Amino acid sequence: MDDANPIEQALHTARSLVLADLAARDVADAAVVSLVEEAVTHRRWWVEQWPEGVEYVAGLVAQDVQDALLERYGRWPLCPVCDAGDPHALDVEPELGADPHWVCGKAGVVVARVGGLA
């Protein structure tokens with residue numbers, strides 16, 4: 001890896017943050033890690049086309065993995081805040097911005113930074 005390349009640094013950081021969240025929720029098996037790698041590969045192309053978006057990569061990779069998990073396995077990460085009603089997933093906010101967080105959209109509560117799920 002080229003440590004001087006801000007794009008590669010951002011992609012490496014995004015991968016690490018999302019893997020930490022998956023591991024925290026005990027869903028980081030080999031198939032899921034492959035989804036992370038696919039998301040990183042896709043976002044590598046995206047950020048090479050739009051280098052100014054480098055600070056958005058972590059949130060976008062988290063959203064990509066969340067979408068891929070929804071298609072294959074179900075909602076992730078489930079909201080730990082709401083006890084009543086149907087289980088729902090946390091959202092990444094801002095959708096396109098720096099410093100992404102996992103947020104319960106129903107309660108309007110910030111649960112953790114991306115990479116900081118317990």
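Author: In β3, Arg-113 is the bridge partner of His-101. This is a predicted model, where local features need pLDDT of at least 70, side-chain atom pairs count only at pLDDT 80 or more, and totals for chains, interfaces and linings use all residues. Residues are numbered from 1 along each chain as its sequence is written, and side-chain values use heavy atoms, with hydrogens and water left out.

Reader: How do you know that strand β2 and strand β3 pair?

Author: Two strands pair if DSSP finds at least two bridges between them. Four bridges join β2 (residues 101–104) to β3 (residues 109–113), so they count as paired, and they run antiparallel. Another bridge partner in β3 is Ala-112, which faces Trp-102 in this pairing. Strands are DSSP runs of E with at least two residues, and helices are runs of H or I with at least four, numbered from the N terminus.

Reader: What lies between β2 and β3 in the hairpin?

Author: Four residues lie between them, and Gly-108 in the turn has a positive phi of about 70°.

Reader: Why is Glu-8 called buried?

Author: Buried means under 20% relative accessible area, exposed over 50%, partly exposed in between (1.4 Å probe, protein chains only). Glu-8 has 18% relative accessibility, and therefore counts as buried. Glu-8 is found in helix α1 (residues 6–24). Its C-alpha is 9.8 Å from that of Val-47, 39 residues apart in sequence.

Reader: Which strands are at the edges of the sheet?

Author: The open sheet has three strands in the order β1-β2-β3, with antiparallel pairing. β1 (91–93) and β3 are the edge strands, since each pairs on one side only.
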